[in-house]
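Morning, everyone. Let me put the structure up, and then I'll go through it quickly.

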Amino acid sequence: MLDRASRLTPGGLRAAIARAVMEVAPEKARQRREQAAKDARVGRWLEDSGNAALMGCELPPDEVLAADQRITWWAGELKKVGMDGGMDQLRARAYLDLLLGKDSRPCPRPVGPQAANPSPANPDRTALAGWSAAWFPPGSSAGST
Amino acid sequence: MVPAGFVGRVNLTAPLVTLTDLAGRPGELAGFGPVDPWLARDLAAAAARNPKTTWCVTVTDEHGHAHRARLRPP
């Protein structure tokens, strides 16, 4: 591996080292993965900008790949209807759509209560409020952890 | 709600000796990197249960260079 290290990208070198370690001690690699999976978690924090971050760690790699593909697929659907932003922004929007069960595509003809009383100022939050009401039954402490 | 209509695809490359439990060499998840042999076997077993899975057998030389590849139906 060392003879080709200079030709590898940083990511390629990292993968080559991981592969070499697995070749030498596959059982250790398995134990490390299974032990780390017990620390699977989702974290959220406020960023310096005032926006927020949401990240999952120690997740099954195949499901992460499939989830990432799903995010890209939905971002593509958002792009098709002409939503603003590059793919990074659209993927971030798609990420939230998928987690919150939302569809951020502009609706040509609003239906339901929003049609009679549209809320152009912030349609996203209106949709979120509707979702929260649906998710948390009346009387429950919606949004608390 | 986000409508249905998405099918994801995960590409796993694994040595035959790993899949047949004759050796413990790592596999590779495209887009990620190496995976330990147990995870490679688990993923291959899960893929084998999915009728939409496609298989590609690649013959390599002793240096790991591919010589022939053939797509097989599930």
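Which domains does the domain assignment of chain A give? Domain 1 (1-38) and domain 2 (40-105). Those bounds come from an automatic or database domain assignment. The C-alpha centres of the two domains of chain A lie 28 Å apart.

Ground rules. This is a predicted model, where local features need pLDDT of at least 70, side-chain atom pairs count only at pLDDT 80 or more, and totals for chains, interfaces and linings use all residues. Residues are numbered from 1 along each chain as its sequence is written, with chains lettered from A and ligands numbered from 1 in the order in which they are written.

Now the strands of chain A. Helices (H or I, at least four residues) and strands (E, at least two) are DSSP runs, numbered from the N terminus. β1(A), residues 41-46, pairs with β2(A) in the antiparallel sense over six bridges. Pairing takes at least two DSSP bridges between two strands. Gly43(A) has Met55(A) in β2(A) as its bridge partner. The two strands make a hairpin, with five residues between them. In the turn, Gly50(A) has a positive phi of about 105°.

Is β2(A) buried or in the open? None of its six residues, 52-57, is buried, so β2(A) lies largely in the open. Buried means 20 or more other C-beta atoms within 10 Å of a residue's own; exposed means 12 or fewer; partly exposed is in between; C-beta atoms are placed from the backbone.

Last, the contact with chain B. Chain A gives 21 residues and chain B gives 19. Contact means C-beta atoms, placed from the backbone, within 7 Å. On the chain A side, α3(A) gives the most, with eight residues.

Key:
Contact = placed C-beta atoms within 7 Å.
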